[in-house]
Amino acid sequence: MTKLTRLQYALVLLNVIFRLYSALYMIIGDCDETFNYWEPLNLLLRGFGKQTWEYSPEFSIRSYAYLIPYYIVGKACQFLAGVSPVNIFYAVRIVALAGITSLCELKFFVTMNQFSTSVANWFIFLSTISPGMSHGGVALLPSSLALQTTLLANSYLLSATKSVQNKSVERNLIKAAGCYFIGGILGWPFALALGLPIGLYILARIAKQSTSPSVLVSVFVVAISIMVPVVLIDSYFLQKWVFIPANIVLYNVFGGDGEGPEIFGVEPWTYYVLNMALNFHAIVPLSIAGTLFNPVFTNLKKFSLLVSLQLIIWYAIFFSQPHKEERFMYPIYPLVSILAAIFISKVFNVLKKISVARRLQFVAKIATVLLLFTISVLRIFNLVENYAAPLQVFYKLAQLPSIPGDLVNICMGKEWYHFPNSFFLPDGYRLQFVESGFDGLLPGDFYELKSIVDSTTFVPMNMNNKNKFEPDKVVDLATCDYYVDNSQSESTPQLLNPDLSVDNEWDVLQCDKLLNPHGSHNMLGKMLYIPTPLRKWIPYNVEYMQFCILKNRVEKQHP
């Protein structure tokens, strides 16, 4: 391994700091992460949790196998005396999410450093500071696993394209293919599309007789060795033979009338343009330029072409889909940084060779670093400043003591999608929903039995895959011990549907500010955090509401 310089050690430290910050403070931006992954993980570790229709054995389109690595980390924490459920959540985030993402970034950085110090430095810098990696790299989502395996796969792909020994090339190609299979079979099946270029590359090498056809056999064996435990684990939890990735594809691609992802909303193609701009700002145009120029004008032509093809394939597939979500872009986040790093390194190398621009090259490089760093930090702080209230409020609730006897109900209405997860609930507390006007299907509850397998195989009533509201998913407000809702005013909580803050039966325990989606904001205020002293000169307007938890003074009514 090439010895790192002081600058590179500083970049590695910066990466660790950013990932640790995200693990501790970054928001959970997608309720799918909460209800489809954190809640089933809570079931495996604590015996209860909210259940979505995807986990009903009737539909079976979510994998328990994906959760096992995180279960192992959580179980290890449970063996340590005094580790609270909320600290298990943060341990999983720090070790198994942010930690693994950082290790994958550093793996690619070290590999690239063997071939180009400049590109390696730019990559680790751009990947570290990008807002997209700050939340995508700590999310408990299969697409985040695909993000991690994409980094690993491309580190092996880089070694394969730069190696001169056929045996080394073959080993690295097999490892790269294995990473794609982990991301696609254990994680998200659509991520397998990223492996198409490497598959074509292997076939091209076989056609030229520079690679043995036995590589295909090895790749097949690797795929089977990943597929078999996934099938066995999911089949054990559901007590029937099942291959979840196939079910996911069948539902999303071949769903019947009133089914499929489109029922959860559709967006124009510009959705991803704006989304990528928010998550990578100036890095995006650099990556687009890299997609076009890197395969032609750099010393990493072959590798750049394979990376560019991955990005083009992904954009072609997902820009054309009516249903769009931010997390669908997670697997290609590393590719954006890789292509941008190769391109910007080439630009500065060219400037360094031009006598007229040589003196300006250093100044331009420093200015570029400071600009990219500042925009990224302000965007990351903006996300935490404007949207972290659910984590902060529920952390307060997580400190409450367990109450023996009847279960304590924590109820949510129109703010149901901001629930972080049940790791924030002390033992004996359960999340419930009350009527709020939402007309889609709310999560139900995993059936609580002594055996986890009994819970995972139990077929709940009134689940559907058409997002139709079911009244048995809500409870009466009178059964609630605590109630979580928002206000329309930053100064005094005025909770709506119902307004409980003016009711003598309820006490406000904790409130934190949350961006009001219906408030008056300027564009800058929604996008970037501006330090308070600078707001005298920079137009900044953000309207907040209060995200509050209230305690019922009256003993609840039992059905």
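The questions and answers below go through a predicted model of one protein chain.

Me: What makes the radius of gyration of this chain agree with that of a compact globule?
Reply: A compact globule of 559 residues would have a radius of gyration near 24 Å, and the chain has 25 Å, which agrees with that expectation. The C-alpha atoms, taken along the principal axes, fill a box of roughly 75 × 65 × 50 Å, and 19 helices and 7 strands are found in the chain.

Me: How many of the contacts in the chain, counted between residues at least 6 apart in sequence, join residues at least 24 apart?
Reply: Of the contacts between residues at least 6 apart in sequence, 76% join residues that are at least 24 apart. As for burial, 54% of the 559 residues are buried, while the accessible surface comes to about 24300 Å², with 64% of that area belonging to carbon and sulfur atoms.

Me: Why are the buried residues of helix α12 said to be on the same side?
Reply: The buried residues of α12, which spans residues 270–280, are Tyr-272, Asn-275, Met-276, Asn-279 and Phe-280. They cover an arc of only 105 degrees around the axis, and that is what puts them on the same side of α12. As a general rule, an α-helix has 3.6 residues a turn, so residues three or four places apart point the same way.

Me: What covers the buried residues of α12?
Reply: The cover includes four other helices, namely α6 (131–136), α13 (283–297), α14 (301–319) and α15 (333–353).

Me: How do you know whether Ser-60 is buried or exposed?
Reply: Ser-60 has a relative accessibility of 3%, which is to be set against the limit of under 20%, and therefore Ser-60 counts as buried. Ser-60 is found in the loop between β1 (50–51) and α3 (68–78), and although Ser-60 is not a glycine, its phi is positive, about 50 degrees.

Me: Why does Leu-286 count as buried?
Reply: The relative accessibility of Leu-286 is 19%, and because the limit for a buried residue is under 20%, Leu-286 counts as buried. Leu-286 has its place in helix α13, and, leaving aside residues up to four places away in sequence, Leu-286 touches Leu-339, Ala-340, Phe-343 and Ile-344. Leu-286 and Phe-237, by contrast, are 49 residues apart in sequence and 45 Å apart in space, C-alpha to C-alpha.

Me: What makes Pro-401 an exposed residue?
Reply: Pro-401 has a relative accessible area of 57%, and since exposed means over 50%, Pro-401 is called exposed. Pro-401 is found in the loop between α17 (389–398) and β2 (408–412).

Me: How far apart are Pro-401 and Tyr-429 in sequence and in space?
Reply: Pro-401 and Tyr-429 are 28 residues apart in sequence, and their C-alpha atoms are 9.9 Å apart in space.

Definitions and conventions. Residues are numbered from 1 along each chain as its sequence is written. This is a predicted model: local features need pLDDT of at least 70, side-chain atom pairs count only at pLDDT 80 or more; totals for chains, interfaces and linings use all residues. Side-chain values use heavy atoms; hydrogens and water are left out. Helices (H or I, at least four residues) and strands (E, at least two) are DSSP runs, numbered from the N terminus. The radius of gyration is taken over C-alpha atoms; the globule rule is 2.2 Å times the number of residues to the power 0.38. Buried means under 20% relative accessible area, exposed over 50%, partly exposed in between (1.4 Å probe, protein chains only). Contact means heavy atoms within 4.5 Å. Accessible areas come from the Shrake-Rupley method with a 1.4 Å probe; for residues, only the protein chains shown count as cover. The arc is that of the directions from the helix axis to the C-beta atoms.
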